[in-house]
Amino acid sequence: MNQLDILRESLGQCDEILLDALLMRNRIVEDIMVYKEANDIPILQPEQEAKQREWLNRRMEGKRHKDEVTAVFEEITRNSKKIQARKLFDYNIVLIGFMGAGKSTISDFLRTVFAMEVVEMDQIIAEREGMSISDIFETYGEEYFRNLETELLIEMQSRSNVVISCGGGVPMRERNVVEMKKNGRVVLLTAKPETILNRVKDNHDRPLLEGNKNVSFIGDLMEKRREKYQAAADIVIETDGKDKLEICEELVHRLRALDSQSGQ
């Protein structure tokens with residue numbers, strides 16, 4: 001056996017060790033999830049990820065291939081998050097609520113903590129149409145835009161374990177609610193009109209609010225939508241006075257409780 005063959009054999013042995021270690025690590029990730037649920041421990045613990053990064057930085061300080069090894073560990077962490085997400089949710093999470101209720105913020109946080117794919121409906125539609133939501137309304141009218149929303153929800157029937165962030169008007173169509181629930185849990189995020197105004201006051205891509213950015217108008221519009229929003233929702237979460245972690249932890253806890261009641 002020449003030197004190259006010896007090196008390749010050594011490399012293969014390293015691969016076997018890595019493979020066994022990764023399989024063991026993934027099993028431990030699942031065991032941790034089971035333990036947390038059995039002992040009512042919060043699922044989301046970002047401080048653990050921070051500790052792992054600190055450990056890795058210390059271990060790799062001054063070492064060769066630091067960037068490459070760090071990239072591998074980042075991918076391992078990302079895949080661990082995906083394992084957690086699949087174990088928790090074998091369906092889509094559909095976020096609904098009035099504009100500014102926090103849907104984009106919470107969907108981004110779920111993407112961070114669970115490595116879940118996020119579908120921002122307004123963003124996808126704007127990209128496909130090649131124009132802003134305001135321009136779609138002005139050019140083609142609201143009915144055209146609402147039909148695009150329904151088509152996108154139907155398209156999502158082939159997906160699972162995705163976070164779908166809906167535009168404010170999506171749940172107003174009963175057809176849309178039916179499509180959401182085919183393979184998703186619907187989470188309604190709520191906030192006070194004053195909170196909504198503070199969040200959207202500098203945003204100019206909200207056609208229904210342009211020229212009407214005041215508490216009275218927002219409150220009236222929210223009230224008009226309230227009944228259909230609540231009828232569509234599987235769970236309702238108030239976002240006022242809560243940070244992203246608190247909201248997402250409540251979301252996970254209540255969805256798991258709902259799944260248990262449903263026998264899933």
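**View 1. Packing of helix H1 against helix H3.** In this predicted model, helix H1 (residues 3-38) packs with helix H3 (residues 66-88) at an angle of about 45°, and their axes lie 10 Å apart. That angle makes H1 oblique to H3, a term kept for angles that do not count as roughly parallel, roughly antiparallel or roughly perpendicular. The crossing in which H1 passes H3 is right-handed.

**View 2. Residues in the contact of H1 with H3.** From H1, the contact draws on Leu 22, Arg 25, Asn 26, Val 29, Glu 30, Met 33 and Val 34, while H3 contributes Ile 76, Ser 80, Ile 83, Gln 84, Lys 87 and Leu 88. Sorted by type, the residues of this contact comprise seven nonpolar, three polar and three charged.

**View 3. The open sheet.** Five strands with parallel pairing make up an open sheet, and their order is E2-E3-E1-E4-E5. Strand E2 (117-120) and strand E5 (235-238) stand at the edges with a single partner strand each, so one side of each has no neighbour in the sheet. On average, and with direction ignored, neighbouring strands of this sheet are turned by 25° against each other.

**View 4. Strands E1 and E4, with the helices on the sheet.** Strand E1 (residues 92-96) runs parallel to strand E4 (residues 184-190), and five bridges join them; Asn 92, for instance, has Gly 184 in E4 as its bridge partner. Helix H4 (residues 103-114) packs on the sheet, where it touches E1, E2, strand E3 (162-165) and E4, and its direction makes about 165° with that of E3. Helix H5 (residues 121-129) lies across E2 and E3 and runs at about 65° to E2.

Notes
Residues are numbered from 1 along each chain as its sequence is written. This is a predicted model: local features need pLDDT of at least 70, side-chain atom pairs count only at pLDDT 80 or more; totals for chains, interfaces and linings use all residues. Side-chain values use heavy atoms; hydrogens and water are left out. Two strands pair if DSSP finds at least two bridges between them. Helices (H or I, at least four residues) and strands (E, at least two) are DSSP runs, numbered from the N terminus. Axes are lines fitted to C-alpha atoms, for helices over the stretch in contact, and angles run from 0 to 180 degrees between N-to-C directions. Contact means heavy atoms within 4.5 Å. Angles under 35 degrees count as roughly parallel, over 145 as roughly antiparallel, 65 to 115 as roughly perpendicular and the rest as oblique. A crossing is left-handed if the near helix is turned anticlockwise from the far one by less than a right angle, and right-handed if clockwise. Ala, Val, Leu, Ile, Met, Phe, Trp, Tyr, Cys and Pro count as nonpolar, Asp, Glu, Lys and Arg as charged, and the others, Gly among them, as polar.
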